[in-house]
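User: I'm new to reading protein structures. Could you walk me through this one, feature by feature?

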Amino acid sequence: MSPEEDHSDDTALAGEYVLHLLDDAERAAFEQRMAVEPALRDLVRDWDEQFSLMTHDIAPVTPPAAVKARLHSSLFPDNTARRSPWWGWLVGGVVAAGIGIGAILLAPNLIPDIGLDPTYTASIAAEDGSLIVTAHFIAETNTLQISRQTGNALPGRVLELWLIADGADAPVSLGVLPEDPEARIELPSTLATQMAKAVLAISDEPAGGSPTGAPTGAVLAVGPVADA
């Protein structure tokens, strides 16, 4: 925004928030206002929808496989979950097309607890600890058990879980996390076989989840999948 523009204009401010143009202090102040001002949340939702339409005509381009390996090595040198700055690059033009899936989000009591040990685990954590979600994948039942330890979605927003399989061209949505901190996701076999060496991530999305099949909001937490 130029100095001549009115930074107090809520419509422009909401657009800058969606585009991540605000500094940390401005962003925190805006999010505090969103918590109590529904009109601001509506503006953010409108900007999300408008910006997402801009990606519809972008032709997908598959990056070389070595690119992900180099980025992963740089971002996770100690195998510790960190905020992922490469997500915007991945979704914002290099890979613009989402992938349809058949993952089913289930209430905890819809799958009996048969005491099976997890095959893979992941700690999906924000760098500042504001959001921490643990995930345990049980290969025998193709289910991913989710437990949110800390953090919630902003008012009018939702948390959406994504799978980035090793060598994949695009993230795959595993669904919107429910308000209940405990959930289980039943994965189709095609996704279950991709859990090894994958990365799980959580993004901030408009109500109902991403309208594009790819992340549209900020990536809040990331965690690599590891052997249990």
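Analyst: We'll take the features one at a time, general idea before the case.

Analyst: This is a predicted model, in which local features need pLDDT of at least 70 and side-chain atom pairs count only at pLDDT 80 or more, while totals for chains, interfaces and linings use all residues. Residues are numbered from 1 along each chain as its sequence is written, and side-chain values use heavy atoms, with hydrogens and water left out.

User: Okay! How many helices and strands are there in the chain?

Analyst: Helices (H or I, at least four residues) and strands (E, at least two) are DSSP runs, numbered from the N terminus. Here the chain has 6 helices and 10 strands.

User: And what share of the residues is buried?

Analyst: Buried means under 20% relative accessible area, exposed means over 50%, and partly exposed is in between (1.4 Å probe, protein chains only). Of the 228 residues in this chain, 39% are buried.

User: Which residues have the most contacts inside the largest nonpolar core?

Analyst: Idea before case: a nonpolar core is a set of buried Ala, Val, Leu, Ile, Met, Phe, Trp, Tyr and Cys residues joined through side-chain atoms within 4.5 Å. The largest one here has 26 residues, and L144, L161, L174 and L200 have the most contacts inside it. Elements giving two or more residues to this core include strand 4 (143–150), strand 5 (157–164), helix 6 (189–192) and strand 8 (199–206). Another core, of 9 residues, lies apart from it, with L13, A14, M34 and L40 among its members.

User: Which way do strand 2 and strand 3 run, parallel or antiparallel?

Analyst: Two strands pair if DSSP finds at least two bridges between them. Strand 2 and strand 3 run antiparallel, joined by 6 bridges. For one example, I124 has V133 in strand 3 as its bridge partner. The two strands form a hairpin with 6 residues between them, and G129 in the turn has a positive phi of about 75°. Strand 2 is also joined to strand 10 (residues 226–227) by 2 bridges, again antiparallel. There, T121 stands opposite A226.

User: You mentioned a positive phi. Which residues other than glycine have one?

Analyst: Most residues other than glycine have a negative phi, and most peptide bonds are trans. One to look at is N142, with a positive phi near 55°. N142 sits in the loop between strand 3 and strand 4 and is partly exposed, at 21% relative accessible area. Another is K197, whose phi is positive too, at about 65°. K197 belongs to the loop between helix 6 and strand 8, and with 65% relative accessibility it is exposed.

User: What is D204 in contact with?

Analyst: Contact means heavy atoms within 4.5 Å. D204 lies in strand 8 and is buried, at 8% relative accessibility. Leaving aside neighbours within four places in sequence, D204 is in contact with R157, V158, G217, A218 and L220.

User: How far apart are P215 and W162, in sequence and in space?

Analyst: P215 and W162 are 53 residues apart in sequence and 8.3 Å apart in space, C-alpha to C-alpha. P215 is in the loop between strand 8 and strand 9 (219–224), and its relative accessible area of 7% makes it buried. For the whole chain, among contacts between residues at least 6 apart in sequence, 63% join residues at least 24 apart.
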